[in-house]
Each structure stands twice: as C-alpha cells, then as structure tokens.
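Okay, thanks everyone, I'll keep this short. Have a look at the sequence and the model on the screen, and I'll walk you through a few things.

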Amino acid sequence: MPDWHSQLPPSSLLILGIISFFGAVVSTCTGKTWARTGRTIYRAKEPSAFWWVVAIYYLGTLLFVGLYLYEGP
C-alpha cells in the first residue's frame, strides 16, 4: 500500500507550509487568531492561548516545508 504523501503532488506540502506561515505572520501582526474551535483568540485577552496557537502555526510550517525538502522537489 502506498504512503499517503506519495499520492499528493510534491508541491502540495510546500503550499501548505506557505499557507501556515502566512497564517502565523498575520496572526502575530494583528494580535488575533482563530482556534480550532472556531472562536477568535486575542493576544491582549488570552496571551498564553494565543501564543500556543501561533506556535502551532509556525511548527506546521516547519513540518510541511521540512517534509517537502526531505521528499525532494
């Protein structure tokens, strides 16, 4: 059985990494982000939760771009 990532086009991992990076940058600059539950988290009201969500965006970027580079362009 083939791996899940062998069925995806190679550029899809890079595209997901770019989307995740832009989401993290926009969240950092605006001070608000969306949680998985669909609610908005503001940096001034809930700083701990805000930075956890932004950190997950940045880690997603590293994961997707790292997998893209590991698999080879």
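**A salt bridge, a helix and a patch**

So, Arg-39 and Glu-46 make a salt bridge, with their closest N and O atoms 3.2 Å apart. Just to be clear, this is a predicted model. Searching the whole structure turns up 1 salt bridge. How exposed are the two partners? Arg-39 is partly exposed, at 40% relative accessibility, and Glu-46 is partly exposed too, with 29%.

Now on to α1, residues 10-30. Its 21 residues should span 30 Å at 1.5 Å a residue, and the end C-alpha atoms sit 32 Å apart, which agrees. Which residues of α1 are buried? That's Ser-12, Leu-13, Gly-17, Ser-20, Ala-24 and Ser-27. They take up an arc of only 140° around the axis, so they are on the same side of α1. Remember, an α-helix has 3.6 residues a turn, so residues three or four places apart point the same way. And what covers those buried residues? The cover includes β1, that's 32-34, and α2. Over on the other side of α1, you'll find Pro-10, Ile-19, Phe-22 and Cys-29 exposed.

Last thing, the surface. Ile-18, Phe-21, Phe-22 and Tyr-58 make a nonpolar patch of about 370 Å². Helix α1 gives the most to this patch, with 3 residues. Tyr-58, on the other hand, is in helix α2, residues 47-71, and is partly exposed, with a relative accessible area of 32%.

Key: Residues are numbered from 1 along each chain as its sequence is written. This is a predicted model: local features need pLDDT of at least 70, side-chain atom pairs count only at pLDDT 80 or more; totals for chains, interfaces and linings use all residues. Side-chain values use heavy atoms; hydrogens and water are left out. A salt bridge is a side-chain nitrogen of Lys or Arg within 4 Å of a carboxyl oxygen of Asp or Glu. Buried means under 20% relative accessible area, exposed over 50%, partly exposed in between (1.4 Å probe, protein chains only). Patches are made of residues with over 30% relative accessible area and no salt bridge: like charges are joined within 9 Å, nonpolar side chains (Val, Leu, Ile, Met, Phe, Trp, Tyr) within 5 Å. Accessible areas come from the Shrake-Rupley method with a 1.4 Å probe; for residues, only the protein chains shown count as cover. Helices (H or I, at least four residues) and strands (E, at least two) are DSSP runs, numbered from the N terminus. The expected span of a helix is 1.5 Å times one less than its number of residues. The arc is that of the directions from the helix axis to the C-beta atoms. Contact means heavy atoms within 4.5 Å.
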